[in-house]
Amino acid sequence: MEYDAAVIGSGVGGLICAFQLARQGKSVVLCEAQAVPGGYATTFTRNGFIFESAVHCVDDLGKDGDIRNFLEETGLIDKITLLELKNFARTVYPEHDFIVDFKRENFIDFLRVHFPHEQENIDAVFKTTDRFYAQFDRFVESSLPDWLESLLIPFLCPSFIGVSRVTVQQFFAKYFKDEKLIALFGDLWHFLGLPPSRLSMFFFLLAFRGYYANPTAYVKGGFCKLFKVLVEELKNSGATVHFNTAVRKIVTSKGKKVIGIETDKGEIIKAKAIVSNANAIDTLTRLLDDDRVRKEYALEFSSMEKSLSGVQVYLGLKVPAKNLGMTTPMLFSSSTYDHDANFSYIVCGDYDRCFFEMVDHSQIDSSLAPAGKGTLTIMVLDLYKNWRDLSREEYREKKQAIAQKLIRRAEKYLPGLSEVIEVMEVATPRTMQRYTASPEGAIYGFAPTVSQSGMNRLPQTTKVKGLFLTGAWTQPGHGVHACFLSGLMAGEEVMKFLG
Ligand SMILES: Cc1cc2nc3c(=O)[nH]c(=O)nc-3n(C[C@H](O)[C@H](O)[C@H](O)COP(=O)(O)OP(=O)(O)OC[C@H]3O[C@@H](n4cnc5c(N)ncnc54)[C@H](O)[C@@H]3O)c2cc1C
């Protein structure tokens, strides 16, 4: 049998794309290397505690958000329970401590009170960003053909061009003199993996609205509940889904057109189109069977920068973290306003000073922990190189040592934390790599620099006819919301290709 489409990987992008194609009557096969769906966005259980493997908060799951609208339109919303979030994160700096609660006005008020000398500039920034969002929404909702849209961008969306060419630091420095204010505006950088001095303003703005202005929600039982529902729906619509099945080759006719995929079990599955949700580097420089195209992509990728990785310490607690002082589901802590310094602490593995964050999902959904108990995850960004060369024993010891260090740091906010730990697991850049095959455990695909974001990011289409990409390495970028959009975009491309 020849399928209309074969999808490699069941991360957010792969699942959404497969689901869209199956909904439109296409025959689909999906192969996932792991035993469970979701990729990074999966969950795992230890002694009755359910942990999100990676994801802390997903934007646009609230009323009128992209993902919410999709769930309503497809009826998927009836198969999950959404818990609306009231606030998002407590954000702590040496001289500032504020709550981000999805209400733009509250954030503006906070800034106006603390930076009275910059009030006019604060208003000017929000005016500019509002103009950008209005143009962005018009662009997304436009029904013009893609080629015409691209041509008309300078006229329909002039503010795209401005923000696409600058970093977050360059953008805010045009408005503000106060470096602390710039630092607070740029705080979200840790969700995006590059300091403001290197981060694309275009990509930053897409994320900023999601976390600072639009309400969102949590999926009861963990985000993976949604992905499990998607798998069930895929199967119900006749698609074939194989878990524990890695794809080891994309078979083409001399790199020109796809023929199918070869699995690690030696099975050849024929398909007219292939969508890879495996990372772009593996897909195009390892899985693809044509040497010439592989070399072309390897050359292209050799000058591209991968994103950082991270360390997560998952804790099952004898009491809810709220009892210890966790007043919001998330807490971000920055020891300095200098984000370049913050980034350099990450690069050199300075776990005492680098930015760190905590998330307490059981505060939103008590079903994630046994009755009367709670979960807590501590995260820091990190680099694969800080873990790469360790022996088995050194690796085990470092994991324990870093976990203890981070718990001690968390105790500044949650006194007594170390005494109530019942379960602990630690994930490192090596873990990230092992479970998703992401090179060097990169957690956000290619780093969102100016030259690797917006229209400059890898598109869904490739040099090989019938081969498409989806997920964090491609447009519009990383994060569940962006990967969801990437899955839809890949689905559209495949539908066009299949005619
Ligand atoms: C620690 C951490 C924290 C994060 N926090 C947030 C957050 O709070 N909010 C947010 O929105 N995002 C967050 N993210 C980012 C978000 O999780 C990712 O951007 C997103 O889930 C990536 O989805 P994807 O579609 O790229 O697929 P991936 O998650 O990369 O999944 C790819 C899938 O392909 C499979 N695969 C790979 N190779 C093969 C092969 N050869 N054959 C078959 N299958 C294969 C893998 O097993 C995997 O299941 C976080 C990520 C990490 C790691």
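**The open sheet**

Guide: Let's start with the 7 strands that make an open sheet, in the order E7-E6-E14-E15-E16-E13-E17, with mixed pairing. (Helices, H or I with at least four residues, and strands, E with at least two, are DSSP runs numbered from the N terminus; two strands pair if DSSP finds at least two bridges between them.) At the edges sit strand E7 (97–100) and strand E17 (421–427), each pairing on one side only. On average, neighbouring strands here are turned by 15° against each other, direction ignored. (Axes are lines fitted to C-alpha atoms, for helices over the stretch in contact, and angles run from 0 to 180 degrees between N-to-C directions.)

By the way, this is a predicted model: local features need pLDDT of at least 70, side-chain atom pairs count only at pLDDT 80 or more, and totals for chains, interfaces and linings use all residues. Residues are numbered from 1 along each chain as its sequence is written.

Now zoom in on strand E6 (residues 89–92), which pairs with strand E14 (residues 330–333) in the parallel sense over 4 bridges. There, Arg90 stands opposite Leu331 in E14. Such pairing in a sheet goes through backbone hydrogen bonds, either parallel or antiparallel.

Next, look for helix H16 (residues 392–410), lying across E13, strand E15 (356–359), strand E16 (374–382) and E17. H16 runs at about 70° to E13. (Contact means C-beta atoms, placed from the backbone, within 7 Å.)

Note on methods. Contact = placed C-beta atoms within 7 Å.
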